[in-house]
Amino acid sequence: MSSVRWSMTGFESLYLAKFALDFGTSAYSYNRRQQESYQSLYNANKQASINNQLSYNSLLHINTEQALELKKYAFDKDVIRRTTRREVAKQQAIHASMGGGFGKSGNSANATIRNIQRYAYMALARKDLNRDIRMQSFDQRRTNIQLNTASKNNVLFSNLSIGPSKTGAILEVIGSGIQNSILSQQGTK
């Protein structure tokens, strides 16, 4: 009779060992999935940091390029103004050297000076228009860089797994325990 009792305890020990193995497997699986989740998040943060640094460097380059463009436009406008003043002064000198004590004057002389000034103002207006278009281009490039970076980072973080569920792991262990208990009762009777 005692040997039968020992056999039943042996079978129960086997079911208990199976439960312990199931518990260990569940714990190992949970920890492995948790570690994969952490590593995935770490890698995504690292890549997002690289993306953000690349974006920052691109924006710095655009800002430097824009500052140089603004200096160039200011210099070009200054050249147009100086050229206009020189041409007006030259025309006034030519008119002053023509005829009589006071030189050439009247509508013809004023029309020539206004014509020089009109062409100068048109050149300045074209410079301003070109500058405005170029500045809009810089703004659009900045916006595109920022959107591109946000899109890349969104892809990185949208593909992350949230990690395993503790509740799921606990329910898996409880389910294994219940199943082993049922099998133990059936197998030992």
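Trainee: Helices here are DSSP runs of H or I, at least four residues long and numbered from the N terminus. Which helix holds isoleucine 178?

Mentor: Isoleucine 178 lies in helix 3. Please keep in mind that this is a predicted model.

Trainee: Which nonpolar surface patch does it belong to?

Mentor: Isoleucine 178 forms a patch on the surface with Ile170, Leu171, Ile174 and Ile182. Together these residues have about 470 Å² of accessible area.

Trainee: Which element has the lowest mean pLDDT, and which the highest?

Mentor: Helix 3, residues 166-188, has the lowest mean among the elements, at 71. The highest mean, 93, belongs to helix 2, which covers residues 107-158. Where pLDDT is low, the predicted coordinates should not be read in detail.

Trainee: And what is the average for the chain?

Mentor: The protein chain averages a pLDDT of 83, and 84% of its residues score at least 70.

Trainee: Changing topic: how many helices and strands are there?

Mentor: The protein chain has 3 helices and 0 strands, giving the pattern α-α-α along the sequence.

Trainee: What share of the residues is buried?

Mentor: Of the 189 residues in the protein chain, 21% count as buried. The accessible surface amounts to about 13,600 Å², with 59% of it belonging to carbon and sulfur atoms.

Trainee: Which residues make up the largest nonpolar core?

Mentor: That core has 5 residues, namely Leu59, Ile62, Met135, Phe138 and Ile145. Helix 1 (2-97) and helix 2 each give two or more residues to this core, and helix 2 supplies the largest share, 3 residues. In soluble globular proteins, nonpolar side chains tend to be buried together.

Trainee: What does leucine 59 touch, leaving aside its neighbours within four places in sequence?

Mentor: Leucine 59 is in contact with Arg142, Ile145 and Gln146, and Ile145 is itself one of the core residues.

Trainee: One more residue: why does threonine 149 count as buried?

Mentor: Threonine 149, found in helix 2, counts as buried because its relative accessible area is 11%, and buried means under 20%. Leaving aside neighbours within four places in sequence, threonine 149 is in contact with Asn51, Asn52 and Ser55.

Trainee: What about contacts across the whole chain: how many join residues at least 24 apart?

Mentor: Among contacts between residues at least 6 apart in sequence, 88% join residues at least 24 apart.

Terms used:
Residues are numbered from 1 along each chain as its sequence is written. This is a predicted model: local features need pLDDT of at least 70, side-chain atom pairs count only at pLDDT 80 or more; totals for chains, interfaces and linings use all residues. Side-chain values use heavy atoms; hydrogens and water are left out. pLDDT is the predictor's confidence in each residue, from 0 to 100. Buried means under 20% relative accessible area, exposed over 50%, partly exposed in between (1.4 Å probe, protein chains only). Contact means heavy atoms within 4.5 Å. Patches are made of residues with over 30% relative accessible area and no salt bridge: like charges are joined within 9 Å, nonpolar side chains (Val, Leu, Ile, Met, Phe, Trp, Tyr) within 5 Å. Accessible areas come from the Shrake-Rupley method with a 1.4 Å probe; for residues, only the protein chains shown count as cover. A salt bridge is a side-chain nitrogen of Lys or Arg within 4 Å of a carboxyl oxygen of Asp or Glu. A nonpolar core is a set of buried Ala, Val, Leu, Ile, Met, Phe, Trp, Tyr and Cys residues joined through side-chain atoms within 4.5 Å.
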